[in-house]
Amino acid sequence: MSVDTTLNRRTFLALLGLAAAAPRRSEALELADASRLITDNREDGVRLLSAEGEFIGARGAYYGPPVPFSQLPKHLVDALVASEDRRFYEHWGLDPRAMARAVWSTLTGRTQGGSTLTQQTIKEIYLKEHSPIVRKLLEEPVLAPILELNLSKEDILFVYLNRVFFGGNAYGIEAAARVYFNKYARSLSILESAMMVGLLPAPNRYNPHRDFETSRDRGFRVIEQMVEAGMLSRRAADRAKRQEVAIAPSRAAWGGVYPRGTQLGWFARWAEKEANANAPVAAREGTRTITTTLDLRIQAAAEKHLQQALRQHARDRQIEEGAVVVMRYDGAVVALVGGRDYRQKEWDHATQARRQPGSVAKLFVYLAALEEGSTPETRVSDAALTLGGRPVRNFDDRYLGEIPLSTALERSSNTAAVRLAMQNTAEVRKLIMAMNIDDDPQGEAGDLALGTYEARLVDLTAAFASVANRGRMVVPYAVQKVQDSTGTETLTRVRPASSEIRQVIAPQHAETMRAMLSGVIEHGTGKAADPGFWAAGKTGTTTASRDAWFIGFTDTYVAGVWLGNGDNEPMRGVSGGGLPAQIWRAVMMDAARHA
């Protein structure tokens, strides 16, 4: 039961003065509010939620939801007290003998425990960065009794267990239970609880993901301490030591924890960057919650189909990496896979890598032609062409002479595209810049037509989204809102009205391009992408199959797929109309089921 006596703020600050070093933000401290103590001065980190509010991961410090004391297993509390502070229920925040041992060990350069759980709670929240000698001699002796005056013993245990670091980026027992055992804290067995408490002195050394045997042995030691303290019978202890323990696969990678799979790491990292870019530095402190645009079902489909393709074809086709982006017409990214395995490589081929787009770049060539007055029926030469002393070759080495623009796009004619780009070079370059593909695309007409400059998958996908969106500019995004540790919204996305969105393509030309891109799937190089319902898109393959793309859209989603190698080595027989188109088709069919 909590003591009714609360601490006068002026007296409290005076005592802090005596303690020689006031905790950060001392004016905001309320040692009588257990819930406030759980969230105050947390380590920096972000919790990420899907568009539906489902927890998808954490970057930096991972805090789970606070577990009420009534839901904490009794054996967990007993294990903590037996191992860390056996006189916890008897003292008033300080244990003089233990303190003397701890101070002496600090002065002599050795490591020796001695702080009570009350002192450890104060240290965890406010004093971790302070000098050990000042903290133990001046600060903790003042603050620990004050905490005991204002909170019950149960409240102190409640705060401690929901704040302390358990390793693996996990802070608090709920996060630790999920990271190590994939279960709720209230469901921990005696041995699991003992292993959790055993982590506290050295979370990295006793981490069961690193060394299960050492972690379990440490848990056995905690169980023996429970027996010594009279909190567990010998028979119960022996039974507990025989309990089965199933360690959950590690879901940690590159400073984050992703319970639903580490492949979410690329999206989480990108969303955090977006949140940081749109918030002042002061708003990045503590634990933030980012509600994102992610659709877990579409994300799972993107991961599954990319991985299946790589498992089946990576070796024989010499493919090292792949990436997938799926977004809505307004740019909300609902799925993002940045590579083959996030645990192995943090580099994101969807949002970081710049690769040659190949024939995907013909989108801008044909849009420029439409903007300059051409129509799908306008005829263009598909005949053989030499440019700068080098032949421009069509992918199939066939040359049909004069053909309509629509047919040239469906066939992905290189010679026709180069001729169109030569007629409208300035307009093509202007479109590439206006649609955020490249600030200064280098090269002549042939380079612009054949996509020898570099671009990011996410930006190219957004360009196709602009076509799908009747010519209105699309900027990809991942963040809907950001909340601080108190739940206050520090960033909220406000969607502009359609009339306020910049028109980068004339609506009639975007509509014409939609129809022409649909023909690519119906009659042209993109047949393998046909999902069985209306769709439009474009294939792309670069020299020697170093990059292979398919980017397109349905009535609901826009998606891009890229395959290639991180070292830019050629793949074997991979073209945009093959494997990328097949992956795109599978992802979009699954996405349609969840629309």
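**Close-up 1. Helices α13 and α21 are roughly antiparallel to each other.** This is a predicted model, and here we zoom in on one helix pair. The α13 axis (residues 296–317) and the α21 axis (residues 579–594) come within 9 Å and cross at roughly 155 degrees; angles over 145 count as roughly antiparallel, so that's the label this pair gets. As for handedness, α13 passes α21 in a right-handed crossing.

**Close-up 2. Who touches whom between α13 and α21.** On the α13 side, the contact is made by R297, I298, A301, A302, K304, H305, L306, A309 and H313. Facing them from α21 are L579, I583, A586, V587, D590, A591 and H594. Sort the contact residues of this pair by type and you get 10 nonpolar, 3 polar and 3 charged.

**Close-up 3. An open sheet of 7 strands with mixed pairing.** Reading across the sheet, the strands go β5-β6-β2-β1-β7-β14-β15. The edges belong to β5 (252–253) and β15 (489–492), each of which pairs on one side only.

**Close-up 4. Strands β2 and β6 pair in the antiparallel sense.** Zooming in on this part of the sheet, β2 (residues 55–60) and β6 (residues 256–257) are linked over 2 bridges. Look for A58 here: its opposite number in β6 is V257.

**Close-up 5. Helix α12 lies across several strands of the sheet.** Residues 265–277 make up α12, and the strands it lies across are β1 (45–49), β2, β7 (287–292), β14 (479–483) and β15. Relative to β7, α12 runs at about 110 degrees.

Key
Residues are numbered from 1 along each chain as its sequence is written. This is a predicted model: local features need pLDDT of at least 70, side-chain atom pairs count only at pLDDT 80 or more; totals for chains, interfaces and linings use all residues. Side-chain values use heavy atoms; hydrogens and water are left out. Axes are lines fitted to C-alpha atoms, for helices over the stretch in contact, and angles run from 0 to 180 degrees between N-to-C directions. Helices (H or I, at least four residues) and strands (E, at least two) are DSSP runs, numbered from the N terminus. Angles under 35 degrees count as roughly parallel, over 145 as roughly antiparallel, 65 to 115 as roughly perpendicular and the rest as oblique. A crossing is left-handed if the near helix is turned anticlockwise from the far one by less than a right angle, and right-handed if clockwise. Contact means heavy atoms within 4.5 Å. Ala, Val, Leu, Ile, Met, Phe, Trp, Tyr, Cys and Pro count as nonpolar, Asp, Glu, Lys and Arg as charged, and the others, Gly among them, as polar. Two strands pair if DSSP finds at least two bridges between them.
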